[in-house]
Amino acid sequence: MMITRRRVSTGLAAAAMFGALSGTALAQETVTIGWTGPLSGGAALYGKNTLSGLELAAKEINDAGGFEVGGKKYKVEVVALDDKYSPSEAAVNAKRLRSQYKAPIVFCPHSGGNFAMQAFNEQDGFIVGAYTSVPQMTERGNKLTLRIPPSFAGYIDPFIKIEMGGFGKKLGMAGADHDYAKAWAALIAPAWKAAGGTVVAENPMSYNKDTDFYSGVSRVIAASPDVMFIGGASEPTALVAKQARELGFQGGFIVMDQAKLDEMAAVLGNDMSLLEGAIGTLPLIHDSRPGAKSFVPKYRKAYNRDPGTEASLNYTTLNAVTEAMKLAGTVSDATAIHAKLSEAFGKLSPERNPSNINSVDPKGGSNAVLVVGLVKGGKVVPVDAATGTISN
């Protein structure tokens, strides 16, 4: 098992002072934030992007002197373990992060891992920080789950409206075969049919294992779709789109929200023509809201690259978690911390909340405004998710 430990409290004592005399300054303590996700394999870039948001938030918190709970100052240490996108390894990692590192929350950027953790997180006493937009994540009644992104169900109607209206009614399903992609497929296919379209091909592929998708894509294209549903991590999704174009596909793409249009374009040498007609989540660099505009330059300064929503959503959430700890008066009681998350998100300034999450619903899902982007004329243009209207 590959282990990556990210200490952002460099050179500072982590243990509390014992036997301190009255009036002596308290030693600074450390609260561990757990993360399990892919740091190797086909989804490694995706995993690192989610982790970078946590790291940046932790660094800012620590550079500001930490945060105070119950009269003690705390700094944040992010401990990250590679699970290679495997649900079973994610579960093992979470057990270790809780038992060895006492992490009150474990973040994970894939639905399979989050579902696996839900089997024991309440008993073990830690919050599942679920970076997944699968609606079912908060439908199981788990009282210690936070679903970080908004539910992907909100993307379905605008995606279908734009793509069916622009290209036609025949859909070819060429998404990935992991749990998250299956959940997307289970919603998009019946919704497409309900809107008057037909699903002409279904051929899920192993995005996280393969790099050559020609045979799978060719089977879908053989059915002459007007639109292709694609999606997994950004790198393999870009290759699927590229290989579809090379095989002669000229229609539109519905891009599952795990993949990001700007990251896909970077993989393709910034040739946006290969993604013409693709609809997906709006890249953060095209988001004009104040929080996003302030986040982009500081992320670029820290990492020398553009941030995506994976980074911004996790950055927002770690800020909210430390705020919830202050409100709850504890860094260890997961139930008390979880109960304060909705209030904590609402207290964040735009600079600490680039994702515009204002609250958490009673089931543990974040409430954030959906933003959608369409590749049109070689550039990404915003789409009103509520109406499906394309911005000029």
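This is a predicted model: local features need pLDDT of at least 70, side-chain atom pairs count only at pLDDT 80 or more; totals for chains, interfaces and linings use all residues.
**Who touches whom?** I looked up the contact residues next. From α5 I found Ala-153, Tyr-155, Ile-156, Phe-159, Ile-160, Glu-163 and Met-164. On the α6 side, the list reads Trp-184, Leu-187, Ile-188, Ala-191 and Trp-192.

**Aromatic pairs.** How many aromatic pairs are there in the whole structure? My search gave 13. I picked out Phe-159 and Trp-184: the ring centres are 6.1 Å apart and the planes are at 20 degrees, so I wrote this pair down as stacked. The cut-off I needed is that planes under 30 degrees apart count as stacked. Phe-159 sits in α5 (residues 153–167) and Trp-184 in α6 (residues 179–194), so the pair links parts of the chain 25 residues apart.

**Buried or exposed?** I checked both partners. Phe-159 has 0% relative accessibility, so it counts as buried. Trp-184 is buried too, again at 0%.

**Another pair.** Tyr-207 and Phe-213 came out as tilted, with 5.5 Å from centre to centre and 50 degrees between the planes. Both of these residues are buried.

**A cluster.** I then saw that Phe-159 and Trp-184 belong to one aromatic cluster, together with Phe-152, Tyr-155, Tyr-180 and Phe-229.

I found the charged end of Lys-95 over the ring of Phe-120, 4.5 Å from the ring's centre.

Technical notes
Residues are numbered from 1 along each chain as its sequence is written. Side-chain values use heavy atoms; hydrogens and water are left out. Rings of Phe, Tyr and Trp (its six-membered ring) pair if their centres lie within 6.5 Å; planes under 30 degrees apart count as stacked, over 60 as edge-to-face and the rest as tilted. Helices (H or I, at least four residues) and strands (E, at least two) are DSSP runs, numbered from the N terminus. Buried means under 20% relative accessible area, exposed over 50%, partly exposed in between (1.4 Å probe, protein chains only). A charge sits over a ring if NZ of Lys or CZ of Arg is within 6 Å of the ring centre and within 35 degrees of the ring normal. Contact means heavy atoms within 4.5 Å.
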